[in-house]
Amino acid sequence: MENGEKTEQITQSYINALRIALAKNEKTATDYDHYQALALAIRNYLVERWLKTQEKYRQENPKRVYYLSMEFLMGRSLQNAILNMKLEKSSREAMKNVGQKLEDLYEQEFDPGLGNGGLGRLAACFMDSLATLDMPAYGCGIRYEFGIFKQVIENGFQVEMPDNWLYYGNPWEIQRPEMRVPVHFYGKVEKYTDSKGVKRSRWYDTDQVMGIPYLTPIPGYDTDTVNTLMLWSAKASDEFNLEYFNNGNYNKAVEEKNDSENISKVLYPNDNIREGKELRLKQEYFLVATSIYYIIRNFKTINDDIRQLPEKVAIHLNDTHPTLAIPELMRILFDIEGLDWDEAWDITVRTIAYTNHTILPEALEKWPLEMLARILPRHLEIIYEINSHFLQKVLSVFPGDLNQMGKMSIIEETNGKLIRMANLAFVGSHSVNGVSALHTEILKKDLFNDFLKVFPGRINNKTNGITPRRWLNQANEPLAALISESIGDSWKKNLDDIHQIADFANDDGFKEQWQKVKRLNKERFCQYLDKSKGIKINPDSMFDVQIKRLHEYKRQLLNVLRIISDYLLLKENPNAITIPRTIMIGGKAAPGYHMAKLIIKLANSVGKIVNNDPATKNVLRFHFLENYNVSLAERIIPASELSEQISTAGMEASGTGNMKLALNGALTIGTLDGANIEIMEEVGEDNIFIFGLTADEVARKKAEGYVPQDILRDNPLLNQVLELIRGDFFCHDQPGLFRPIYDVLVNHGDVFMVLADFESYVNTQRKVDTVYEDQSEWTRKSIINTANVAKFSSDRTIREYAREIWNIESQR
């Protein structure tokens, strides 16, 4: 179809949507109505391709992957769909025809807050790559009504507000109530013997919740393939009790509805309280039960023999949250399909694979056995049976070693009985992968070392990746245009081709254009911050950013200590630092994570003093960016110059923010942690700023008995920094507020080695200043970074998953 014809078609579809679907005209339509009308017009293109794709899958019956994830942090859809279907020129002209500006309509869309960081954003990048590579795939998640919270900063503190992203509806989703799925909780289990003499179990007298699927078409780039993101919403099976209502008990009349629908209300309810923990367990089972039910139903529409499931279906667990998929699939195969135990287990293991995303003990989920017994009694029985078979294998490898059995058991009995979900995920999957080379080695050497002796070869590495379509082509149009003008645009689908721009790294004319693009992006971000937040920043300063969820191991606190130390240096000697910097931190802390929230308060308190001190404010500025999300990331990443990747070595599984920033030409300052190591290998040690202890050195230091006070004795500047925190310099009105931060660093072991890495970090920042002073050299390094991070395309990652784990093929 020619561009003019597409323009006319989009124009007419937009007008029809505005007048018929939305019942508005040009005089009554709001800005959001205009956005919705265009979204519905573009969705027409999507749906047409989507239906053809699904029909192709039905006819050809390829093996499909179902990616189960508690988070899908998709970002806005309109621009992504327009760019991926190559409709931008036609859409812009169509909107011009009706008096609208395309960029203004992009800004009307709400961010779906269906994730809180790398886990959900990785899932989103994978969905883009799966469609772009024409691989049959379904994302399975939960349609959280309020998603992750909206972060508001009040008096420096994080306050969580509901993120009502569905307030005006969502034009991209297609509700399918006829595909609803019953999900069961509580109840009883009875035993019986089937006609073949096999002992079986029946789960009955349960509470029932209905799962309603909402389908979102996910387009690939420059292809007709459109895959499906399936998000489940919880609804009561009995929405309204008329008897209670007629008797005047109005609250009781809707009690069941409210209880049921709480399951899909918010992402990650506060699990510091028992009710929150139970709700989270219900969420995880709700995701699993709805998805497995759909998977089996979808399989049976084409296939007759359930024993062929592993040949036609791959189920992938994105971290431990969906691990209940293992006992749920076993329940269906054994209790409902009537297979024997060994055959059902073989099918389950060959169907399911698991990605581990963390080695942190608190993130390796453990559920109280008592809670599982109440809420999912049949699943607990199945887990016991799985564990019994597994421990027999353990004993065959470690004869007579009861201590080893206790260590490896799926049931933990040392601190009250708990179900170790990571152990269950490992035992019930044919593949377990880490997400960076270092992380995978830690899994092999430490977390799952004993398991490898029982299941040799089960662990493999799949280094994370990001989609260049969103994170360069969409987020950074000026840089994408410069690259395409220089080497063509094949890099959008094959990022390996971007390496060609390395040939221009020493070309003064190209470097000047590169600098102009960065300057333009910085100015745009300055304008955005001023307009949206009332924050004025200097585009002539270095933009130094740390954008990620708040966690102690990610060490936003180390960054804050560095800012305080720079402040002290400048107060003592105004010429101590000559390169102006604007340092920005963005990220949300989990509602129940008190230390992370206190670090946010400290950061804001430090910024208030630093930014208002005449002696320092022209050289040092610091801002905590409120409500960091995908849309804000798409603005700040193209403007960033220094990427802070400063986690404690050995604790960050991979990271993907580091990849996005490097792709956009930011230089990294970081530890040898996660994917930082592989970024260094790709861009070269001279084009990255590495500091701090290695993972092995961290482990050795802790084993030898790390004493934080020893660090303080040799570092008077660090002592001054900590004394300001302990002495209430940043909280005169609330004495003692930040004392817990001082204590966790000095008196409670400095678990995340903040003080141990402080001197190396500060010294490396001075090296950053030296390089930045030579803008020609900085620009050369920036180009080299962008040119050499093709390895971190999610297309490469997905090809590896498809070839080495899922055994699925492109349907092109």
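Trp514 is buried, with a relative accessible area of 4%, where buried means under 20% relative accessible area, exposed over 50% and partly exposed in between (1.4 Å probe, protein chains only). The model is predicted, so local features need pLDDT of at least 70 and side-chain atom pairs count only at pLDDT 80 or more, while totals for chains, interfaces and linings use all residues. Residues are numbered from 1 along each chain as its sequence is written, and side-chain values use heavy atoms, with hydrogens and water left out.

**Aromatic pairs**

- The structure holds 26 aromatic pairs; rings of Phe, Tyr and Trp (its six-membered ring) pair if their centres lie within 6.5 Å, and planes under 30 degrees apart count as stacked, over 60 as edge-to-face and the rest as tilted.
- One of them is the edge-to-face pair of Phe448 and Phe451, at 5.7 Å centre to centre with 85 degrees between the planes.
- Phe448 is buried at 1% relative accessible area, and Phe451 is buried at 4%.
- The pair of Phe510 and Trp514 is tilted, because the ring centres are 5.8 Å apart and the planes stand at 40 degrees.
- Phe510 and Trp514 lie 4 residues apart in helix α22 (residues 508-533), and are therefore separated by about one helical turn; helices are DSSP runs (H or I, at least four residues) numbered from the N terminus.
- Phe510 is buried, with 4% relative accessibility.
- Tyr32, Tyr35, Phe110, Tyr167 and Tyr168 are linked into a cluster by ring pairs.

**Charges over rings**

- The charged end of Arg200 sits over the ring of Phe334, 4.4 Å from its centre; this requires NZ of Lys or CZ of Arg within 6 Å of the ring centre and within 35 degrees of the ring normal.
- Lys522 lies over the face of Phe543, 4.7 Å from the ring centre.

Terms used. Helix = DSSP H or I, 4+ residues; strand = E, 2+ residues; numbered from the N terminus.
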